Amino acid sequence: MKQFIRPAMIFSMVLTSLALFPQNQTVSGYVNDNFNQPLFGANILVEGTTKGTTTDLNGFYQIEVALEQTLLFSFVGFNSQRVKIGPVTTINVRLQAGTNLDEVIVVGYGTTTRQDLTDNIASLVAAQITEIPVPSIQGALIGKTAGVQITQTSGRAEAGFKIRVRGVATMNGNQEPLYVIDGIPIQKEDNSVNQSPINALIGINPEDIASIEILKDASAAAIYGSRGSNGVVLITTKSGRQGKTRFSFRSSFGLSAPTNTREWLNTDEYVELYTEAALNSGFTEDDAAFFFNLFAENEADWREGAVDTDWQDLALMTGSTQDIGFSASGGEGNTSFFLSTGYNRTNSIIRGNTLERFSVRANMENKTNNWLTVGLNSNISKVQLSRIANDFEFGSPMEAIAQIPFSSPYLEDGITPNTNTTLYYNFLMDQFNGDFESNLWKAFIKVYGQASLSKNLNFRSELGYDYNQQLEERFYGSLTESASTNGSADANSFIDEKYVINNYFTHQLRRENWDLETTLGMSYEENKIKTLAVEGQDFPSDQLRKLNTAGSITGGETSETAYSFVSYFMRANATLWERFLLKASIRIDGSSRFGSETQYGTFPAASVGWLLSKEAFLINNQTISNLKTRISWGLTGNANIGNFVSRTNFTTITYNQSPGFLLETLGDPELSWEDTTQYNFGLDIGLFNNRINTSYDYYTKNTEGVLFLVPIPYNNGVRFINQNAGEIQNKGFEFTLDTKNILKEDFSWSTSLNLAWNKNEVISLPDGADIVRNEKIVREGETVASFYLQEYAGVDPTNGDALFYRNTELPDGGLDRSTTNDFGEANRRIIGSPFPDIIGGMTNTIRYKFFDFSFTFQGQCGAQIYNGGGIYQSANADFFDNQTRDQLARWQAPGDNTDIPQARLFGGNGNQDSSRYLQDSDFIRLRNLTLGYTLSPDITEKLKLDRIRIYFTGVNLLTLTDFKGWDPESTSDVFQGNSLLSGHTAYAPPQPRTLTLGFNVDF
């Protein structure tokens, strides 16, 4: 019986009588920009409360507010303005362009403003997300945040994203950040039976997002304690505001194509190369003809080129995406609401792969009385996927490029896939005579209540429920590889439930020269995961594909697991004399995942800031409008290690029809989380009334107690044990620059640039010993998972042999750089890293009258990708796999200078795993480009509408790279969860290039 931590205490509260509240009055007016043009969607907030509203198309607002309260007017890209309420009921405001230092930033269990921020937090608001029609939230973030590498792993419709915040801080643990939606941490484990991960946020409609904050430094993330080492992504969904109900309808349709295709041999080229390769290996032309006839229906297919199949063209196709959404938001009296529904259908660029998503969201809040506010945030979605095999299965469409070009894809009827003369299994048969469907149901519900216990003290209680169910069904008919069993099928069901309780107090004190805000609370989480799997075979008909029609059930299993966290946290923020900023926090986490002696951990953090621009010598400076220094320190952890790894585990076995137990893993009662200590030094500068803003940050990030599988004596039947036994360091520099280049009445142009440099280094390992996994090595003083390969030296021009550097260590510590044609004489050396040294992005936004134009470039340099399929794809005709066209430039005669060895069938001439198949993955990509037109108010007013916008968007329009594979970002799907397997590709499909037309209507 598994035991889980239960809360040590439950908060209780007693509500007391409250002071009388002042009488409210209705205030209205208009909010315009510095050219006196109306600002649609400007925020008006009653300072110190959550009450607010937004402006309509004409910049008009209306709000109830009490005398002596202060209204805060803000809009993205403009300086905010405060107005104290007096007896006047009409207040018109004109905002000036610049960076909004009063912009509200969401932090763990609360909010702050950009001016008061002492941490490093990247923030994006709805306008930066929804203007780019992408089916996933992460896609809208690419290239927008310094120090955050966001990579779409492939062109699959359901493809996941890798997000790395300030480098890699673990090896065997999960690298992904913690995702928190509306204050509730969500479950993001993948349960795909084919090992191809599904995007953790696939069920969320990007149009529902109000803001995204990425907590990068430890001072910001430490409030989430043992799960903050990889960063924290806070997602806040939209809520209603007081005022008339506003409706929004959007629709878009786009077409997609691969960002890149590769060149492969056609029939004539294939016959030429492989005939030559056969002759070079001692075979005759008749032998070559015998081989060719094995894979052709008729000899004319290869002799005369009667069949010339482009298998890549069969695998990759024109895709499409359709997106429709409708939302309503508003509020009257004490209730506000936001309701939305969305539909997305994506036909990916890979044959047989589609996605269909339905989502519904309801966010509501009610101010029950003067002291109590209650609310509900909920989202329900269903995602239906038609899936394909993973990148390493022959059923994957991308594996088809290995097929011989004179093999026909179909039989003579043009419908039934050919499996008689293909070199490998024909993927088309799985789609013709099989199914692979996944259905995901996701439900997220949060109910909350917030009580004002006194003027300065609030209590908030949140109950969250995150439900994920995934049903995957596969059927392989009698014509597939399962023909010998008359068809086979399996069904796999996963149910993942998370319960979260947050209770916390917030207390504010405001005095003449100082402000103090404190937060004190606790959190409890519990996850329960149930799985069920059934297998069957011998189906009476290929039309009957459910397991209840199987002739025999050949296997089945169920499982259940769970884990829990209990946490206590406290944070204090202080502002002294409006210029000195102090923050300290501490979190105590307890987890069922760790050893009995280390179940609890403490995670403190502190930061300070100095607003020099508030000092007397700068306060009226006409050039420097904002100047702030920041220093932070904090301790975070990584608890993504799986359940029960700290315990000795047994698995069940059956021997001679008798059940029994088998020792599976040895436990370690001292096993604990990986601890990351991070320092951050930052400087923020605003110039010319914040028209130019720049930030500089330097950080060091040391992770100790890195989890390793440490070898132990095998006499007890177990070879490894999990232990905290290593240290990794990341250090780097981040730079951001935001400028308002041109600000005129009919024309504006702004630019946002971010760059980040990171150096990753292994500081210590168990006993200092290297860890080698395939083509990777972990070595002290080097980058995690460095590429460790024999070094390819080119071709001997006299005989066409592949050459390799010996790289034998010399007595003086140098390397023997002589070459050899004997691969066994070549020694491995560290040649590259899967992680980039530099990442960056740049966004430009231009507005002219009613036109808007924006584009984002992203890029990276310093990383490499190893093509594990290269030993088959570009192997100078060693085996019968079709080859990349560059293999035609092979060595053919003495004196030829080329880096492609002589073609030798079965000759093993240079096609071993080596640096020959390692490439730089540097690139610059035009990630997105949008051109929009908003109809003038004169037209929309006649139509009784608020706003109509028509737009064109292109995603992945241009990629500048020397990488010769499909895509410098796409990596093999089965290698996504482990740092040691990063940077590996083989048959990973490219990302799509998508062109979209759409429109938005607000009324």
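Tutor: In this predicted model, Glu158 has a relative accessible area of 1%, and it therefore counts as buried. The limit for that word is a relative accessible area under 20%. The side chain of Glu158 meets that of Arg387 in a salt bridge, with N and O 3.2 Å apart. Where do Arg387 and Glu158 lie in the chain? Glu158 belongs to the loop between β11 (148-152) and β12 (161-165), while Arg387 belongs to the loop between β21 (372-386) and α8 (427-432). The pair thus links distant parts of the chain, 229 residues apart. Arg387 is buried as well, because its relative accessible area is 4%.

A second pair joins Asp323 and Arg250, whose closest N and O atoms are 3.2 Å apart in a salt bridge. Asp323 and Arg250 are both buried.

Lys498 sits in strand β24 (residues 488-510) and Glu525 in strand β25 (residues 514-537); the two are 27 residues apart, and the pair links distant parts of the chain. Lys498 and Glu525 are each buried. Salt bridges may also share partners: in this way Lys628, Arg630, Asp684 and Asp697 are joined into one network. The count of salt bridges comes to 40.

Asn230 is located in the loop between α3 (218-221) and β16 (232-237). With a relative accessibility of 6%, Asn230 counts as buried. A polar atom of the Asn230 side chain lies 3.3 Å from the backbone oxygen of Glu176. What does Asn230 touch, apart from residues up to four places away in sequence? Its contacts are Val165, Ala169, Asn174, Gln175, Glu176, Pro177, Asn638 and Asn640.

Asp182 is another loop residue, placed between β13 (178-181) and β14 (184-185). The phi of Asp182 is near 50°, a positive value in a residue that is not glycine. Asp182 counts as buried, because its relative accessibility is 8%. Phe906 also has a positive phi, of about 60°, although it is not a glycine. The loop that holds Phe906 runs between α9 (870-873) and β50 (918-920). Phe906 has a relative accessible area of 43%, and is therefore partly exposed.

In α5 (residues 285-294), the residues Ala288, Ala289, Phe291 and Phe292 are buried. Seen down the axis of α5, the buried residues fall within an arc of 160°, so they line one face of the helix. Asp286 and Phe290 are exposed on the other side of α5. The cover over the buried residues of α5 includes α4 (267-280) and α6 (300-303).

Finally, one may follow the chain to Gly705, which is found in the loop between β33 and β34 (707-711). Gly705 is 21 residues from Gly726 in sequence, and their C-alpha atoms are 5.4 Å apart in space. Setting aside neighbours within four places in sequence, Gly705 is in contact with Trp673, Glu674, Asn724, Ala725 and Gly726.

Note on methods: Residues numbered from 1 in each chain as written. Predicted model: local features only at pLDDT ≥ 70, side-chain atom pairs only at ≥ 80, totals over all residues. Heavy atoms only, no water. Helix = DSSP H or I, 4+ residues; strand = E, 2+ residues; numbered from the N terminus. Buried < 20%, exposed > 50% of the residue type's maximum accessible area, 1.4 Å probe, protein only. Polar contact = N/O pair within 3.5 Å; in protein donor to acceptor, adjacent residues only side chain to side chain. Contact = heavy atoms within 4.5 Å. Arc of directions from axis to C-beta. Salt bridge = Lys/Arg side-chain N within 4 Å of Asp/Glu carboxyl O.
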